[in-house]
Every structure is written in C-alpha cells, then in structure tokens.
Amino acid sequence: PRKMDVWGKFLVTATTNGFLRLWDISLRTPKLIVPKRRFEPLESIITMIKVNCAGTKIAILRNALDPRGVQHHDHNLYVYDVELDRFHAYDFGVDKHPLMCFWDPNEPDLLAVQINSIDHSVRTKMNWKKRAQKDNAKLEDGEIATMFATSDYGILMQDSFKISTTMCSLMGIEVPHISLMTREDKEAGQGS
C-alpha cells in the first residue's frame, strides 16, 4: 500500500496503482468491505486517504501527473461513497488545493479540509518543487473548510475561515471544535 488510514474499527489502504481497499478490523479475522476499487483518474498519485467513523465514505487527496510524469497539486477533494460505489468530487478552483482532511469522529458525513492558495506570480515562474525550495516562494494564506459528504447531494461546503499557512495547520475536527496546530513566531516569542 502507498497510503493507509485507521479510524475506529476501519482500515483503508490505497496502492501505488490507485486501488482502494477497506476492511472492518474489529473482528478476529478482518472482513474485507471494499475488495478492490480503482480510483480514477489513473494519472495520479494518492497523497492522503481518510475513512469516516462509519466506514461508509473515504476521502481522497491526490497529485495529478502530467504527460512527463511531473506531479501537480489537484484542486479537487474526492470522496468515495462505499454504499453507492460512487466517487464524488468537489472542485476548490484552480488557485487552491486541498492539503489535508479529517473526518469528525461522531458525524460520518462531516469533514474538515485545509486548503492552500497558490500565489500566481510564483506559480507562473517555476514548477511546484522549485517553488518549495525557494526562500521567497510561498503559498498565500489558506483556509479551513467544513464540508458535508452525503449520498444524496455529493460534497457540500458548510463554512470556511482563513488561516495563516505559515503559522498553523489542521489537526482534526470534533463538533463543535476544529483543532489547529500553531507554530510560535520566533520574532514575537523572543521578548516574551
């Protein structure tokens, strides 16, 4: 497996070939729930998978591959609905890409997503790897979005708020709280 996630009694894996598998691991012998489901599009690398508390939905983040094999951030969040055997996608727009996501431990349809905005002045000058290596290249401030993934309506954004991507990062969600990890500002912390 390339990626895996355990949540409660569920284990989900994603292979390098884009296959998803889901198990119920609460039993002595794990029970395979989703035997082998191919994630499309094929020209991608799964960067994160998360299973919800009920084992009914799997959130997927990916990087797209261009014809030369270079990775580019995808601006979509994908959710696989296990019960309907269907993928849903939510497009954040060309200027944004989802970085990480977490399901609520009690509400199986609610998830939080950290989204980063891409600075176009840097984006047009160099590819993602080169941007990350440059000191002056940066991602603009991002946001945290709370979203519902339902079988009837797909993925819907409930709310969002801005964050400084250089100072904090999403760690999880449990209604009514969203957990963020913050970094201490070295310049601000020197005098205190």
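A search of the whole structure finds four aromatic pairs, where rings of Phe, Tyr and Trp (its six-membered ring) pair if their centres lie within 6.5 Å, with planes under 30 degrees apart counted as stacked, over 60 as edge-to-face and the rest as tilted. The structure is a predicted model, in which local features need pLDDT of at least 70 and side-chain atom pairs count only at pLDDT 80 or more, while totals for chains, interfaces and linings use all residues. Residues are numbered from 1 along each chain as its sequence is written, and side-chain values use heavy atoms, with hydrogens and water left out.

One of the aromatic pairs is Tyr80 with Phe87, a tilted arrangement with 4.8 Å centre to centre and 40° between the planes. Tyr80 is buried at a relative accessible area of 3%, and Phe87 is partly exposed at 23%; buried means under 20% relative accessible area, exposed over 50%, and partly exposed in between (1.4 Å probe, protein chains only). The rings of Tyr90 and Phe92 have centres 5.0 Å apart and planes at 65°, so this pair is edge-to-face. Phe92 counts as buried, with 11% relative accessibility. Tyr80 and Phe87 also belong to one aromatic cluster together with Phe39 and Tyr78.

Another ring, that of Phe19, has charged groups over its face. Lys36 lies over the face of Phe19 at 4.6 Å from the ring centre, and Arg38 also lies over the face of Phe19, at 4.6 Å from the ring centre. The criterion is NZ of Lys or CZ of Arg within 6 Å of the ring centre and within 35 degrees of the ring normal.

In soluble globular proteins, nonpolar side chains tend to be buried together. Here the largest nonpolar core has 24 residues, and those with the most contacts inside it are Ala59, Leu77, Val79, Cys101, Leu111, Val113 and Met147. Such a core is a set of buried Ala, Val, Leu, Ile, Met, Phe, Trp, Tyr and Cys residues joined through side-chain atoms within 4.5 Å. Strand 11 gives the most to this core, with five residues. A second, separate core of 15 residues includes Phe10, Val12, Leu20 and Val82.

Cys101 is buried at 0% relative accessibility, whereas Cys53 is partly exposed at 24%. The structure has zero disulfides, counting a pair of cysteine sulfur atoms within 2.5 Å as a disulfide.

Salt bridges number seven, by the rule that a side-chain nitrogen of Lys or Arg lies within 4 Å of a carboxyl oxygen of Asp or Glu. In one of them, Asp109 pairs with Lys57, the closest N and O atoms being 3.2 Å apart. Asp109 lies in the loop between strand 10 (96–103) and strand 11 (110–118) and Lys57 in strand 6 (residues 57–65), so the pair ties together parts that are 52 residues apart in sequence; strands are DSSP runs (E, at least two residues), numbered from the N terminus. Asp109 is partly exposed at 22%, and Lys57 is buried at 4%.

Asp74 forms a salt bridge with Arg62, with closest N and O atoms 2.5 Å apart. Asp74 is buried at 5% relative accessibility, and Arg62 is buried at 10%. A further salt bridge joins the side chains of Asp66 and Arg68 (2.9 Å, N to O); Asp66 is buried at 17%, but Arg68 is exposed at 68%.

How values were computed:
Helices (H or I, at least four residues) and strands (E, at least two) are DSSP runs, numbered from the N terminus.
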